[in-house]
Amino acid sequence: PRIAQEAQRILSRLTDGRYDRLTISQDLTLDTATGEETVLRAAQRRSEGTVDQIYLALRLAVSRELTPDAPFVLDDALVRFDDIRHAAAMDILKEEAENRQIILFSCQTREKENT
């Protein structure tokens with residue numbers, strides 16, 4: 001439950017509050033909902049960018065819980081983020097970098113511009 005709550009908090013921050021619900025089922029299926037939706041929907045039914053944001057939130061939540069002192073390594077994790085969500089992700093990663101090393105590989109220049 002702690003990982004799901006943390007992932008939900010991160011996802012909400014990444015999406016400026018749009019996706020305010022995230023659940024992880026026993027079989028590790030991820031479901032999400034926006035504030036306007038009454039029913040949770042499978043993460044795979046979201047856009048590619050949103051799916052990447054969901055999985056970034058989950059990876060970050062898992063790593064905070066299980067390996068908080070280990071470097072956090074990402075490889076092209078922000079490629080499908082729009083500019084607004086990319087900026088939010090970079091803010092979260094900058095905050096995370098205050099406590100541990102963040103290694104971000106990318107084929108884009110947006111990450112360099114936002115450091």
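Tutor: Buried means under 20% relative accessible area, exposed means over 50%, and partly exposed lies in between. The model under discussion is predicted.

Student: Why is R64 called partly exposed?

Tutor: R64 has 23% relative accessibility. The buried class ends under 20% and the exposed class begins over 50%, so R64 counts as partly exposed.

Student: What makes E96 and R64 a salt bridge?

Tutor: The closest N and O atoms of E96 and R64 are 2.8 Å apart, and the cut-off is within 4 Å. The pair links distant parts of the chain, with E96 in helix α3 and R64 in helix α2, 32 residues apart. Both residues also belong to a network of salt bridges with E6, R9 and R100.

Student: Is E96 called buried or exposed, and why?

Tutor: E96 has 8% relative accessibility, and because buried means under 20%, E96 counts as buried.

Student: Why are α1 and α2 called oblique to each other?

Tutor: The axes of helix α1 (residues 2-14) and helix α2 (residues 48-66) cross at roughly 135 degrees. Roughly perpendicular covers 65 to 115 degrees and roughly antiparallel is over 145; α1 and α2 are therefore oblique. Their crossing is right-handed. Among the contact residues are I3, E6 and R9 of α1 and L60, A61 and R64 of α2.

Student: How do you know that R80 and D52 form a salt bridge?

Tutor: Their closest N and O atoms are 2.8 Å apart, against a limit of within 4 Å. D52 is buried, with a relative accessible area of 16%, whereas R80 is partly exposed at 43%.

Terms used: Residues numbered from 1 in each chain as written. Predicted model: local features only at pLDDT ≥ 70, side-chain atom pairs only at ≥ 80, totals over all residues. Heavy atoms only, no water. Axes fitted to C-alpha atoms, helices over the stretch in contact; angles between N-to-C directions. Helix = DSSP H or I, 4+ residues; strand = E, 2+ residues; numbered from the N terminus. Parallel < 35°, antiparallel > 145°, perpendicular 65-115°, else oblique. Left-handed = near helix turned anticlockwise from the far one by under 90°. Contact = heavy atoms within 4.5 Å. Salt bridge = Lys/Arg side-chain N within 4 Å of Asp/Glu carboxyl O. Buried < 20%, exposed > 50% of the residue type's maximum accessible area, 1.4 Å probe, protein only.
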